[in-house]
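Subject: Structure handover

Hello,

I am passing this structure on to you. Please look through it first; my notes on what was found follow below.

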Amino acid sequence: MQNKDLKPILSKHAREIIQLLINKNIHFSVQCNLSKVQFDPILPEEISKNFHPIIDFILAGFTFESIEIWENDMSFEAGFGKENFSSIVVIPFSAIIQISIPSNNSVMRDICIFMNAMNILELGIFGYENIENNTNSKKEQTEEDKLLESSKQAILSNPKNKF
């Protein structure tokens with residue numbers, strides 16, 4: 001199964017979880033692929049230059065209250081940097097890597113309630129440029145041929161098996 005088969009399911013699931021959290025008034029955080037996040041207005045370079053490929057947003061207080069859910073993405077207002085530079089953040093559900101909620105447990109700060117590991121692979125930080133393009137049909141065929149040959153040899157090596 002390829003990522004393209006899972007993406008719509010995982011995106012829908014992320015949307016449903018976020019909608020439930022909003023309805024229950026539960027604050028949460030999301031981690032997502034920065035390259036797919038939009039800022040309006042665009043953040044000043046002195047702020048955005050410190051971002052990593054995976055960005056974390058804590059949705060609480062005014063930020064939580066400003067959340068809007070759309071068909072394929074969510075938006076909210078957030079403040080950035082020392083001067084609290086205001087920007088509308090738009091995150092496609094397909095870019096969400098993780099959703100966490102705060103825990104009252106002293107052992108764990110947050111509890112992960114959603115994880116889309118496929119989005120981590122797409123970042124290329126583990127050597128994969130794109131999980132959908134990571135399949136090599138020739139290599140897969142060779143491995144399948146080896147398995148079939150091994151199975152055939154196991155059957156033929158037993159003198160009680162006749163064809």
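**The open sheet**

Four strands make up an open sheet with antiparallel pairing, in the order S3-S1-S7-S8. At its edges are strand S3 (54–59) and strand S8 (110–115), each of which pairs on one side only. From one strand to the next the twist averages 25°; the axes behind such angles are lines fitted to C-alpha atoms, for helices over the stretch in contact, and the angles run from 0 to 180 degrees between N-to-C directions. Two strands count as paired if DSSP finds at least two bridges between them. Strands of a sheet pair through backbone hydrogen bonds, either parallel or antiparallel.

Before you read on, note that this is a predicted model, in which local features need pLDDT of at least 70 and side-chain atom pairs count only at pLDDT 80 or more, while totals for chains, interfaces and linings use all residues. Residues are numbered from 1 along each chain as its sequence is written, and side-chain values use heavy atoms, with hydrogens and water left out.

**The protein as a whole**

The protein has five helices and eight strands. Helices (H or I, at least four residues) and strands (E, at least two) are DSSP runs, numbered from the N terminus. Along the sequence the pattern reads α-β-β-α-β-α-β-β-β-β-β-α-α.

The protein has 163 residues, and 31% of them count as buried. Buried means under 20% relative accessible area, exposed means over 50%, and partly exposed lies in between (1.4 Å probe, protein chains only).

Among contacts in the protein with a separation of 6 or more, 54% are between residues 24 or more positions apart. A contact means heavy atoms within 4.5 Å.

**Strands S1 and S3**

S1 and S3 run antiparallel and are joined by six bridges. Cys32 stands opposite Ile55 in S3, and Gln31 has Asp56 in S3 as its bridge partner. The covered face of S3 consists of Ile55, Phe57 and Leu59, and the uncovered face of Ile54, Asp56 and Ile58.

Ser29 is also in strand S1. Ser29 has a relative accessible area of 11%, so it counts as buried. Leaving aside residues up to four places away in sequence, Ser29 touches Asp56, Phe57, Ile58, Leu59, Gln98, Ile99 and Ser100.

**Cysteines**

How many disulfides does a search of the whole structure find? The search finds zero, a disulfide being a pair of cysteine sulfur atoms within 2.5 Å. Cys32 is buried, because its relative accessibility is 0%. Cys112 has 40% relative accessibility and therefore counts as partly exposed.

**Salt bridges**

The whole structure holds two salt bridges. The term covers a side-chain nitrogen of Lys or Arg within 4 Å of a carboxyl oxygen of Asp or Glu. Side chains of opposite charge can pair when their charged atoms come close.

One of the two joins the side chains of Glu16 and Lys12, at 3.9 Å from N to O. Both residues lie in helix H1, four residues apart, which is about one turn of the helix. Glu16 is partly exposed at 41% relative accessibility, whereas Lys12 is exposed, with a relative accessible area of 55%.

Arg109 forms a salt bridge with Asp110, and their closest N and O atoms are 3.0 Å apart. Arg109 is exposed, with a relative accessible area of 63%, and Asp110 is partly exposed at 25%.

**Backbone points in the loops**

Where is Pro41 found? Pro41 sits in the loop between strand S2 (38–40) and helix H2 (45–48). The peptide bond that joins Asp40 and Pro41 is cis, with omega about 0°.

Asn25, in the loop between helix H1 (3–23) and strand S1 (28–33), has a phi near 60°, a positive value in a residue other than glycine. Asn84 is not a glycine either, yet has a positive phi of about 55°. The loop that holds Asn84 runs between strand S5 (73–80) and strand S6 (85–92). With 53% relative accessibility, Asn84 counts as exposed.

Regards
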